[in-house]
Amino acid sequence: PYVIDPVMLAKSGDSLMDDNTKNHLQSTLLPLADVVTPNIPEAEEITGIKINDEESIRKAGQIFINEIGSKGVVIKG
């Protein structure tokens, strides 16, 4: 199984990826993943939605599966 933990943000909140790298992650690597394990800020960055409750977590998960193409997702935090 291919599991990817996208490390996108430093603890300070600074971005660790430029836009080209983020685009490559989303268009090439995440669709190949059996499981993606982002934390909440990373999931927000990837999906473009604010995660603040269980409903938004589920919505973000559906974006990973239905739009990005990952087979599964575990949003941490």
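Guide: Gladly. Let us start with Asp34, which counts as partly exposed because its relative accessibility is 27%; buried means under 20% relative accessible area, exposed over 50%, and partly exposed in between (1.4 Å probe, protein chains only). This is a predicted model, where local features need pLDDT of at least 70 and side-chain atom pairs count only at pLDDT 80 or more, while totals for chains, interfaces and linings use all residues. Residues are numbered from 1 along each chain as its sequence is written, and side-chain values use heavy atoms, leaving out hydrogens and water.

Visitor: Where is the place of Asp34?

Guide: Asp34 sits in the loop between helix H1 (19-29) and strand E2 (35-36). Helices (H or I, at least four residues) and strands (E, at least two) are DSSP runs, numbered from the N terminus.

Visitor: What does the side chain of Asp34 reach?

Guide: The backbone nitrogen of Tyr2, at 2.7 Å. A polar contact is a pair of N or O atoms within 3.5 Å; within protein, one must be able to donate a hydrogen and the other to accept it, and residues adjacent in sequence count only if both atoms are side-chain atoms.

Visitor: And is Thr37 buried or exposed?

Guide: Thr37 counts as buried, because its relative accessibility is 17%. Thr37 lies in the loop between E2 and helix H2 (40-47), and its side chain makes a polar contact of 3.5 Å with that of Asp5.

Visitor: Which residues of H2 are buried?

Guide: They are Ile40, Glu42, Ala43, Glu44, Ile46 and Thr47. Six of the eight residues of H2 are buried, so the helix is largely enclosed by the rest of the structure. Just after H2, Gly48 has a positive phi of about 80°.

Visitor: How do H2 and H3 pack?

Guide: Two packed helices are described by the angle between their axes and the distance between the axes. H2 and helix H3 (residues 54-68) pack at about 45°, with axes 10 Å apart. Axes are lines fitted to C-alpha atoms, for helices over the stretch in contact, and angles run from 0 to 180 degrees between N-to-C directions. That makes H2 oblique to H3: angles under 35 degrees count as roughly parallel, over 145 as roughly antiparallel, 65 to 115 as roughly perpendicular and the rest as oblique.
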